Amino acid sequence: YEAALALGLPPNEHSGALVGLGSSLRLAGHAARSIEVLEKGLAQFPENREFAAFLALSLHDAGRGTEAVRLLLETLLD
């Protein structure tokens, strides 16, 4: 994902690569880096709700459960 992002991708593929990178980092045990990537993606693509879902999972894994639940509820209510 990182190599593809560095080379440059069209917006829809860029968005998908950020989600994939963030999710992979979380699954590999790198919650803090995952949060950074997913927050960046959410800022770039606020209409893509998958960032909020994966970000909430990463926040939970990082021991930030209250923030995770808040984000999920805000996303659900939007």
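**Exercise 1.** Is arginine 70 buried, partly exposed or exposed, and what is its relative accessible area?

*Solution.* The model is predicted.
- Step 1. Take the value for arginine 70: its relative accessible area is 42%.
- Step 2. Apply the cut-offs: buried means under 20%, exposed means over 50%, and partly exposed lies in between.
- Step 3. Arginine 70 is therefore partly exposed.
- Step 4. Look at its partner. Arginine 70 forms a salt bridge with glutamate 74, with the closest N and O atoms 3.1 Å apart.
- Step 5. Glutamate 74 has 37% relative accessibility, so this residue also counts as partly exposed.

**Exercise 2.** Find which residue forms a salt bridge with arginine 26, and state where the two partners lie.

*Solution.* 
- Step 1. The partner is aspartate 61, and the closest N and O atoms are 3.0 Å apart.
- Step 2. Arginine 26 sits in helix H2 and aspartate 61 in helix H4, 35 residues apart, so the pair links distant parts of the chain.
- Step 3. Check accessibility. Arginine 26 is buried at 18%, while aspartate 61 is partly exposed at 42%.

**Exercise 3.** Work out how H2 packs on H4.

*Solution.* 
- Step 1. H2 (residues 11-27) and H4 (residues 50-61) pack at an angle of about 15 degrees, with their axes 10 Å apart.
- Step 2. Angles under 35 degrees count as roughly parallel, so H2 is roughly parallel to H4.
- Step 3. The crossing is left-handed.
- Step 4. List the contacts. H2 contributes Ser15, Leu18, Val19, Ser23 and Arg26; H4 contributes Glu50, Phe51, Phe54, Leu57, Ser58 and Asp61.
- Step 5. Sort these residues by type: five are nonpolar, three polar and three charged.

**Exercise 4.** Do the analysis for H3 and H4.

*Solution.* 
- Step 1. The axes of H3 (residues 31-44) and H4 come within 9 Å and cross at roughly 155 degrees.
- Step 2. Angles over 145 degrees count as roughly antiparallel, so H3 is roughly antiparallel to H4.
- Step 3. This crossing is left-handed.
- Step 4. On the H3 side, the contact residues include Ile35, Leu38 and Leu42; on the H4 side, they include Phe51, Leu55 and Leu59.
- Step 5. The contact residues divide into nine nonpolar, three polar and two charged.

**Exercise 5.** How many salt bridges does a search of the whole structure find?

*Solution.* 
- Step 1. The search finds six.
- Step 2. One of them joins arginine 64 to glutamate 67, with the closest N and O atoms 2.8 Å apart.
- Step 3. Arginine 64 is partly exposed at 30%, and glutamate 67 is partly exposed at 30%.

Definitions and conventions: Residues are numbered from 1 along each chain as its sequence is written. This is a predicted model: local features need pLDDT of at least 70, side-chain atom pairs count only at pLDDT 80 or more; totals for chains, interfaces and linings use all residues. Side-chain values use heavy atoms; hydrogens and water are left out. Axes are lines fitted to C-alpha atoms, for helices over the stretch in contact, and angles run from 0 to 180 degrees between N-to-C directions. Helices (H or I, at least four residues) and strands (E, at least two) are DSSP runs, numbered from the N terminus. Angles under 35 degrees count as roughly parallel, over 145 as roughly antiparallel, 65 to 115 as roughly perpendicular and the rest as oblique. A crossing is left-handed if the near helix is turned anticlockwise from the far one by less than a right angle, and right-handed if clockwise. Contact means heavy atoms within 4.5 Å. Ala, Val, Leu, Ile, Met, Phe, Trp, Tyr, Cys and Pro count as nonpolar, Asp, Glu, Lys and Arg as charged, and the others, Gly among them, as polar. A salt bridge is a side-chain nitrogen of Lys or Arg within 4 Å of a carboxyl oxygen of Asp or Glu. Buried means under 20% relative accessible area, exposed over 50%, partly exposed in between (1.4 Å probe, protein chains only).
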